[in-house]
Amino acid sequence: MRTIDDFTRPLEYLAPVDKHLGDIVRAWAEREVMPYRRQYDEDWEAHRLIEPAFRSLMGELGFQRMLFPEDVGGWGFGHSGYTATIACRAFEEIARADSGMAVAFGVLFWPLVMICNEPHVNRRLCEELAPMFCDTTAPCFAANAMTEPQGGADIENMEIVGGSTIETTAVLDGDEWVINGHKLWPTNSGGVADLFGVVCTTKAGSRDLDDFAFIFVPAKNPGCTQSGPYQKAGMAADKNGDIWFEDCRVPSWYRAHGPGLDAMYFKEVISFGNMGSTAFVVGALMNVYEILKDFCTEQTYRGKPLKENDDIAGVLADFARDIDICRILAYQCARMIDRPDLYGERWSDEIVAKGRGYKYFACDRAVEDLKKAMNIMGAHGSDRLWDVEKHWRDVKIVQLWMGGKQLCQMEVARWFYECETL
Amino acid sequence: MDYQELFPVPVEWLQDVDRSMARTVADWADAEVIAGRLEHKEDYDALLLPAMRKLLVDIGLQSMLWPEEMGGGGLGTPDAAMTLAAVIEQVGRADSGIAFVLANTFALQSAFAIEPYKNEALLEHMAPVVCGKDPVIASLILPSYSKDPDAAAFYGLPYQAAAKRDADGWLLSARDARPQCSGAGAYAFGVACAGESDEPMLVLVAPHLRGFSTGEPFKKTGLAASINADITMDGVRAADAQVLLQGTTRMRGMLAWYYTLCAAACSGALLATYDIIKEWGDTRVIKGKGQVFKENPLVASLLGEIGGKMAMGRLLTFNAARLLSAPNLYGPAGSPPVATAATAAFKLAARGAMEAMDNTMELMASAGYATEWNLERYWRDVKTLESCVLPETVAQTDLARHYFDLKEL
């Protein structure tokens with residue numbers, strides 16, 4: 001019998017631990033998430049059901065330690081040469097159960113990528129921050145505090161705005177940074193995160209990327225406050241809210257790397273986000289494949305199972321084709337991040353642009369495919385008992401996050417066509 | 001907002017009563033729903049039910065097709081198609097779920113309250129309730145997929161209910177049949193099933209009848225105004241007088257009304273979408289380039305797509321309504337050209353609405369899916385409506401059957 005494991009991925013790219021870790025995450029998802037996920041929409045604020053599942057995966061199974069070096073209590077994946085490929089597998093398995101959970105889990109690593117990944121490991125910060133994640137069985141979240149009220153996703157548009165739209169400021173006062181500003185929407189905000197990676201500027205209005213700063217701020221620091229979560233169309237497991245920094249002080253060495261390097265390595269976060277987004281939608285699509293297969297085998301039309309009708313089979317074929325293609329893309333994207341010796345630095349414009357392309361291609365296909373899946377299922381397509389509508393809502397959000405589609409298009413055009421003014 | 005100026009429909013088809021009622025309902029939409037939705041979101045008891053009560057009872061929408069001498073609005077002619085399109089569009093602007101519930105209610109009423117199929121006895125029988133002081137909504141139980149490959153079917157799509165001839169009527173059976181809406185709150189259901197010689201028929205069934213049971217309300221993507229639940233009927237007895245229509249033409253005629261009114265609900269959701277993205281495009285600035293959002297060429301290209309789909313959806317809706325309103329020119333609602341045009345209008349309007357809303361969400365990014373901005377509720381509603389009303393492949397076959405003279409499907 002065909003299963004989701006029959007969808008293609010380049011086997012030669014896979015990490016030696018792929019099967020082991022994949023099996024663990026799949027078993028966790030089927031045990032801890034899938035039986036409860038239909039109640040997650042109502043749990044968006046309290047996370048009474050969602051938090052225990054995170055606790056199990058991140059704290060008890062220990063996945064929140066993945067990136068940290070072994071000698072500070074981590075699993076050492078940051079220097080494994082398979083960081084992204086392993087993450088890709090974990091993301092698709094989690095997203096098969098719940099994309100919101102996959103997003104929250106994935107974003108936990110965004111700030112950590114800045115300091116745990118070779119070749120730019122910041123040993124001092126790793127040692128400082130590792131206990132939060134490695135010496136506990138409680139879930140510990142990190143968040144990338146980036147988007148601001150006045151400019152939205154423009155902050156990500158660094159090629160054009162060069163950090164000039166960032167209004168959150170970091171001023172060096174002796175051996176401390178003093179941070180002031182207001183951030184919106186980060187995944188794992190809304191009261192969840194224990195640690196923020198804050199995108200800020202050391203000189204307001206400057207286009208000089210030396211002034212772009214990425215500074216770690218523990219959420220419990222005085223001067224750092226969070227709102228409750230926003231309510232949204234889906235992804236209840238991913239909380240988003242406001243964060244305010246008011247004269248919030250951290251040691252000067254909490255800056256990830258320093259002038260120029262922060263901006264450069266920050267783009268690696270975007271690359272991981274692109275790969276992650278592609279993997280998230282693949283995971284969701286694979287689960288809908290399982291559901292559709294059951295539905296279209298059981299239900300009849302014109303006196304035979306739905307899947308035996310040529311017109312419906314045509315739509316089902318497109319669905320499976322897109323999963324196969326998008327899954328290959330996700331692993332290709334991960335491979336390109338893992339092998340800078342072959343593809344170039346993972347923070348390069350090329351890798352970022354190509355990743356943006358993969359991300360929006362996969363998301364566009366997934367949104368269209370899930371709409372068609374709901375249409376095939378008729379009155380049951382929008383019924384929460386089948387979970388397809390949940391994946392549709394969640395995938396739409398994956399399509400829109402990280403600055404939305406138009407930002408992706410501009411980065412792709414800029415690189416492939418050498419545009420100079422976009 | 002002057003929507004006629006923006007997205008014109010042929011004004012010569014609209015009568016004074018249509019404009020007047022649309023204005024009244026537009027005022028209701030702004031005061032009773034839109035003004036309260038930031039506070040109450042989609043709360044059924046706090047927002048939607050009181051709003052429906054005002055609309056259906058105080059404004060009198062639910063009885064508008066009933067004869068005036070029975071306490072109704074006296075609009076029981078095919079002209080009502082234009083009135084209903086204009087009204088349901090405005091309802092959909094406020095809440096597409098309420099519009100969908102109305103589409104069900106009026107599609108059912110079209111089977112016995114509109115000339116030339118007026119059923120005076122039934123109208124009289126129902127008048128005290130429909131023209132009374134409580135909201136009365138109806139729902140349809142239409143053919144859908146089935147686990148039973150041998151179930152009787154309407155063009156290949158199995159009926160959810162089976163009818164067996166009884167001495168002076170019919171015995172209806174169904175197991176967990178899925179109504180289009182409001183399984184847990186409808187006053188009456190129009191149940192599609194196969195009658196004598198497998199002729200399609202629509203039977204009026206009330207939930208208080210013996211053998212009728214309602215399941216637990218289930219959760220769904222959108223349409224919060226419809227508290228839906230599956231229905232089981234164990235030998236529910238229906239008199240011949242409860243058979244609202246018989247025959248393929250009549251069934252298709254009722255469906256043509258249904259599809260047209262659902263298209264109007266989508267059109268209303270698009271008007272709301274327009275209001276939301278217009279404000280966003282006017283006020284948002286892309287700071288890095290000092291540019292008003294809508295003035296960015298890439299944004300403008302998507303706004304153009306969105307506006308075009310809004311205009312087309314509205315035109316299609318009112319054209320379909322026009323076909324229904326003038327049977328002397330176009331033939332009866334159930335004739336293949338009219339029924340097919342209504343199906344096409346609905347599918348294209350719903351698909352266009354989804355595409356326009358998807359694009360709007362893309363432009364608004366996170367604000368698009370935040371409940372605070374209200375767009376996402378229309379997006380969920382229209383998707384629910386699109387997939388519930390008529391499965392895509394069934395619709396495609398319906399269209400091909402007429403346009404290309406299919407013989408076997």
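**Entry 1: domains 1 and 2 of chain B**

I began with the polar contacts between domain 1 of chain B and domain 2 of chain B, and the count is 1 residue pair, both residues at pLDDT 80 or more. The model is a predicted one. I then looked for salt bridges across this interface and found 0.

Next I asked which helices supply at least two residues each to the side of domain 1 that touches domain 2 in chain B. They are helix H4 (44-58), helix H6 (96-110) and helix H7 (120-130) of chain B. H6(B) gives the most to that side, with 8 residues. Sorted by class, the residues on that side of domain 1 of chain B are 13 nonpolar, 4 polar and 2 charged.

I went back to the domain bounds of chain B. The assignment gives domain 1 as 3-135, domain 2 as 140-246 and domain 3 as 248-403. I noted 24 Å between the C-alpha centres of domain 1 of chain B and domain 2 of chain B. On the domain 1 side 19 residues take part in the contact, and on the domain 2 side 18.

For the area buried between these two domains of chain B I wrote down about 1400 Å², with carbon and sulfur atoms giving 78% of it. In domain 1 of chain B, the residues that lose the most area to domain 2 are Phe100(B), Asn104(B) and Leu108(B), together 35% of what that side buries.

**Entry 2: domains 1 and 3 of chain A**

I turned to chain A, which is divided into domain 1 (4-140), domain 2 (144-260) and domain 3 (262-416). I looked up the pair of domain 1 and domain 3, whose C-alpha centres lie 20 Å apart in chain A. Here 41 residues of domain 1 of chain A are in contact with 44 residues of domain 3 of chain A.

The two domains of chain A bury about 3800 Å² between them, and carbon and sulfur atoms give 61% of that. Which residues of domain 1 of chain A lose the most area to domain 3 of chain A? I found Phe7(A), Tyr13(A) and Trp110(A), together 19% of what that side buries.

Across this interface of chain A I counted 8 salt bridges. I also noted a salt bridge between the side chains of Arg384(A) and Asp41(A), at 3.8 Å from N to O. Polar contacts between domain 1 and domain 3 of chain A come to 21 residue pairs, both residues at pLDDT 80 or more.

On the domain 1 side of this contact in chain A, the elements giving two or more residues are helix H3 (83-97), helix H4 (99-108) and helix H5 (110-116). H3(A) has the largest share of that side, 11 residues. By class I have 20 nonpolar, 8 polar and 13 charged residues there.

**Entry 3: chain B against chain A**

Last I looked at the two chains together. I found 49 residues of chain B in contact with 52 residues of chain A. The buried area is about 4400 Å², with 59% from carbon and sulfur atoms. In chain B, Tyr145(B), Glu362(B) and Tyr369(B) lose the most area to chain A, together 17% of what that side buries.

I counted 6 salt bridges between chain B and chain A. Asp358(B) and Lys371(A) meet through their side chains in a salt bridge, 2.6 Å from N to O.

Several elements of chain B give two or more residues to the side that touches chain A, including strand E3 (157-158), helix H9 (297-325) and helix H11 (336-364). H13(B) gives the most to that side, with 8 residues.

Technical notes: Residues are numbered from 1 along each chain as its sequence is written. Chains are lettered from A and ligands numbered from 1 in the order in which they are written. This is a predicted model: local features need pLDDT of at least 70, side-chain atom pairs count only at pLDDT 80 or more; totals for chains, interfaces and linings use all residues. Side-chain values use heavy atoms; hydrogens and water are left out. Contact means heavy atoms within 4.5 Å. Buried area is the accessible area (1.4 Å probe) that two parts lose on being put together, summed over both. A salt bridge is a side-chain nitrogen of Lys or Arg within 4 Å of a carboxyl oxygen of Asp or Glu. Helices (H or I, at least four residues) and strands (E, at least two) are DSSP runs, numbered from the N terminus. Domain bounds come from an automatic or database domain assignment. A polar contact is a pair of N or O atoms within 3.5 Å; within protein, one must be able to donate a hydrogen and the other to accept it, and residues adjacent in sequence count only if both atoms are side-chain atoms. Ala, Val, Leu, Ile, Met, Phe, Trp, Tyr, Cys and Pro count as nonpolar, Asp, Glu, Lys and Arg as charged, and the others, Gly among them, as polar.
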